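User: I would like to learn how to read a model like this one. Can we take it feature by feature?

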Amino acid sequence: MASEKKDIRALSKQELRDFFERAGDKAFRGNQVYEWLWNKGIHSFADMTNISKETRAQLEDNFVINHIEVDNLQKSKDGTIKNAVKLFDGLIVESVLIPTKTRTTACVSSQVGCSLDCKFCATARLKRMRNLNPDEIYDQVVAIHKESLLYHGRPLSNIVFMGMGEPLMNYKNVLLSIDKITSDEGLGMSPKRITLSTSGVPKMIKKLADDQVKFNLAVSLHSAIQEKRELIMPFAKSFTLDDLKESLEYWYEKTKKIITYEYVVWDGINDSLEDIKALVQFCKYAPSKVNLIEYNPIDDGDFRQADAAAIDLYIEQLEKNRIPVTVRRSRGKDIDAACGQLANKH
Ligand code: SAH
């Protein structure tokens, strides 16, 4: 049950210092508590051993320490691990650890469910229940970092916001979580190793640029033809390709960071030369590269991965136009951990 008391992890270090000052204690106490909560990651006030009993009781009276619990851990035969993560109010999100030869990537969720309506994505079938708090996003990363050390003997190297939800619809909390992930008081990771993936919310992409963020941006494009994109991603009626284009030009102008377009090629949907030409044209608006993603079927519905010849034609045409292109193989399909398969099935 959600508690009436405030989650102490929602407080900044300054707010904690203020709390102690107001209570007639030393502001420095706030730093100590902050360290317990974030660097040491404890879940109980009783564990704060350098804090007096009275102060701990005082904290107990005013706050709770919300934290996540890995409720279910599934391992794929390819080394991918999927966590079902239980939140303080009992809701569940999923996060994934993806090991390759050179990297260990955490794929984290930003919302419980999703408010967007991509026809090919399992998460879209769950309605959006709520946004995740900054500490709930941060904790997913910490859990995966620990699993990476435990099961693969190496630390986490990269983070992608490609789990459940649309990160730009939870802008403030996602950015606060990244602050924590990159700060020395959190995980001290470089923002260059973090990628935020969005379905394309033009206004918020501009805000990212204005906020001078240092992490990478990926956009799930899937079609560069407005009418087609509306069919597979109906929200694109409100967030048009024209607006998206303008926001991406703005992003590049302000950040000088190259954009990644994620793109699935489906049989009979976007596998024609006309589709490829539109993509090539779109890629010319701002420096970018294309990541062709394998389709992960979510049911026996209308979407089927295009054949190898169609993918090869995309690669050939993109390369001819000097647009970098990579092909991403699916990971963790046997445990429904691949892109677009996160839907709390268990
Ligand atoms: N809302 C964000 C992040 C979550 S989706 C976004 O749209 O980018 C992460 C990626 O998985 C997106 O590129 C999305 O288009 C892709 N995806 C969704 N369903 C998929 C599926 N069934 N197969 C392959 N990729 C899928």
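User: How far apart do the C-alpha centres of domain 1 and domain 2 lie?

Analyst: Keep in mind that this is a predicted model. The C-alpha centres of the two domains are 36 Å apart. Domain 1 covers 6-64, and domain 2 covers 69-335.

User: How many residues of each domain are in contact with the other?

Analyst: Domain 1 contributes 6 residues to the contact, and domain 2 contributes 6.

User: Next, helix packing. What describes two packed helices?

Analyst: Two values do: the angle between the axes and the distance between them. Take helix H1, residues 13-22, and helix H2, residues 28-37. Their axes come within 7 Å and cross at roughly 135 degrees. Angles over 145 would count as roughly antiparallel, and 65 to 115 as roughly perpendicular, so H1 is oblique to H2.

User: Which hand does the crossing of H1 and H2 have?

Analyst: H1 passes H2 in a right-handed crossing.

User: Which residues make that contact?

Analyst: From H1, they are Lys-13, Leu-16, Arg-17 and Phe-20. H2 supplies Phe-28, Arg-29, Gly-30, Asn-31, Val-33, Tyr-34 and Leu-37. Sorted by class, the contact of H1 with H2 has 6 nonpolar, 3 charged and 2 polar residues.

User: Let me pick one of those. Is Val-33 buried or exposed?

Analyst: Read the relative accessible area against the cut-off. Val-33, in helix H2, has 0%, and buried means under 20%, so Val-33 is buried.

User: What does Val-33 touch, beyond residues up to four places away in sequence?

Analyst: Val-33 touches Ile-8, Leu-16, Phe-20, Met-48, Ile-51 and Leu-59. Leu-16 and Phe-20 also belong to the H1 side of the helix contact.

User: Now a loop residue. Where is Val-201 placed?

Analyst: Val-201 sits in the loop between strand S10 (194-198) and helix H6 (202-210).

User: Is Val-201 buried or exposed?

Analyst: Apply the cut-off again. Val-201 has 5% relative accessibility, which is under 20%, so Val-201 counts as buried.

User: Which residues is Val-201 in contact with, leaving aside neighbours within four places in sequence?

Analyst: There are Glu-166, Leu-168, Met-169 and Phe-239.

User: And how far is Val-201 from Ser-44, in sequence and in space?

Analyst: The two are 157 residues apart in sequence. From C-alpha to C-alpha, Val-201 and Ser-44 are 39 Å apart.

Technical notes: Residues numbered from 1 in each chain as written. Predicted model: local features only at pLDDT ≥ 70, side-chain atom pairs only at ≥ 80, totals over all residues. Heavy atoms only, no water. Helix = DSSP H or I, 4+ residues; strand = E, 2+ residues; numbered from the N terminus. Buried < 20%, exposed > 50% of the residue type's maximum accessible area, 1.4 Å probe, protein only. Contact = heavy atoms within 4.5 Å. Axes fitted to C-alpha atoms, helices over the stretch in contact; angles between N-to-C directions. Parallel < 35°, antiparallel > 145°, perpendicular 65-115°, else oblique. Left-handed = near helix turned anticlockwise from the far one by under 90°. Nonpolar A, V, L, I, M, F, W, Y, C, P; charged D, E, K, R; others polar. Domains from an automatic or database assignment.
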